[in-house]
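Thanks for coming, everyone. Let's take a look at this one together.

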Amino acid sequence: PGTIDRPYDTPQNGYDAAPAGGAVAIASGTYAGGLSMSNTDVHVVGVGRPTVASVTYSGTASAGRVLLKDIMFFAGTFTGSKLKCVNCRFEIATTVAGPASEIEFQNCYFFSGGGMPAVLLAAGASQVSINNCALQGINMGALMIDTNVTYVEVVQSELSCRPGFPAVFDLETAPLAPPHHFSHNVIVGDPAVAASGSGTMTFFNNSVQGALMSAGGPIAEYHA
């Protein structure tokens with residue numbers, strides 16, 4: 001098993017059989033079961049845009065990054081480290097929670113229909129990068145950042161929420177060094193950003209529709 005002619009019956013069985021440094025290719029189709037990624041250095045790539053119910057990542061990489069690519073999920077939970085997620089789609093809600101670190105999303109789409117933000121960065125997460133992604137929320141925002149989340153950057157992405165709700169919630173109250181960084185994004189909300197503290201966020205060269213508000217008043221937007 002594990003060949004093109006004799007594939008494993010589920011993504012999980014294929015993943016569990018893969019050795020460290022190996023890669024799992026998931027064929028086109030819809031898979032009802034979830035995928036739990038807990039190993040070291042095992043990559044997962046979709047072929048023909050498969051749909052998998054959910055992904056839970058608690059693994060790591062001994063060097064570089066674990067690659068997760070070209071798959072549609074309904075939900076994702078990330079607590080591991082050293083992952084690069086490329087060209088994936090998440091249809092319900094995505095959570096990155098401590099002790100997650102060095103998690104990078106590139107060219108991904110995130111959506112939540114209500115009750116949860118499209119992406120939640122929960123307490124203890126660190127070194128999270130969102131690059132060239134689209135985040136769309138309904139009534140809990142596109143992106144929510146909890147307290148005790150450090151080293152966050154959101155670059156060249158679109159973050160939007162329906163009228164009456166912020167696109168970005170930042171719940172951190174204490175100043176951060178460095179602050180959560182947003183640059184070259186399109187941010188649309190009402191307000192665009194709601195921050196619980198001052199000195200927790202920086203904004204450079206964003207296109208913003210809506211106010212940038214914090215507990216200390218408006219947030220400065222800098223342009224080169």
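Start with Ala18: is Ala18 buried or exposed? Keep in mind that this is a predicted model. Ala18 has a relative accessible area of 16%. The cut-off for buried is under 20%, so Ala18 counts as buried.

Where does Ala18 sit? Find helix H1, residues 11-17, and strand S1, residues 23-27. Ala18 lies in the loop between them. Now look at what Ala18 touches. Set aside its neighbours within four places in sequence, and Ala18 is in contact with Val24 and Val42. Val42 is 24 residues from Ala18 along the chain. Yet the C-alpha atoms of Ala18 and Val42 are separated by 6.9 Å.

Next, the largest pocket. About 430 Å³ of space lies in it. The lining is made up of 17 residues, and the closest to the pocket centre are Gly2, Pro7, Tyr8, Val24 and Ala25. Which strand gives the most to the lining? That is S1, with 5 residues. H1 and S1 each supply at least two. Sort the lining by class, and you get 13 nonpolar residues, 4 polar and no charged.

On to the rings. A pair of aromatic rings is described by the distance of the centres and the angle of the planes. This structure has 7 aromatic pairs. Take Phe78 and Phe105. Their ring centres are 5.3 Å apart and their planes are at 80 degrees, so this pair is edge-to-face. Phe78 is in strand S7 and Phe105 in strand S10, so the pair ties together parts that are 27 residues apart in sequence. Phe78 is buried, at 0% relative accessibility. Phe105 is buried too, also at 0%.

Now compare Phe90 and Phe110. Here the centres are 5.2 Å apart and the planes are at 5 degrees, so this pair is stacked. Phe90 lies in strand S9 and Phe110 in strand S11, so parts 20 residues apart are tied together. Phe90 is buried at 0%, and Phe110 at 1%. Ring pairs link Phe73, Phe78, Phe90, Phe105 and Phe110 into a cluster.

Last, the cysteines. How many disulfides does the whole structure have? The search finds 0. Why is Cys85 in no disulfide? The nearest cysteine sulfur, that of Cys88, is 3.7 Å away, and a disulfide needs the two sulfurs within 2.5 Å. Cys85 is buried, with a relative accessible area of 0%.

Note on methods:
Residues numbered from 1 in each chain as written. Predicted model: local features only at pLDDT ≥ 70, side-chain atom pairs only at ≥ 80, totals over all residues. Heavy atoms only, no water. Helix = DSSP H or I, 4+ residues; strand = E, 2+ residues; numbered from the N terminus. Buried < 20%, exposed > 50% of the residue type's maximum accessible area, 1.4 Å probe, protein only. Contact = heavy atoms within 4.5 Å. 1 Å grid on protein atoms, 1.4 Å probe; cavity = no way out; pocket = protein on both sides within 12 Å on 5 of 7 lines; lining within 4 Å. Points joined across faces, edges and corners; volume = space filled by probe spheres on them. Nonpolar A, V, L, I, M, F, W, Y, C, P; charged D, E, K, R; others polar. Phe/Tyr/Trp six-rings, centres within 6.5 Å; stacked < 30°, edge-to-face > 60°.
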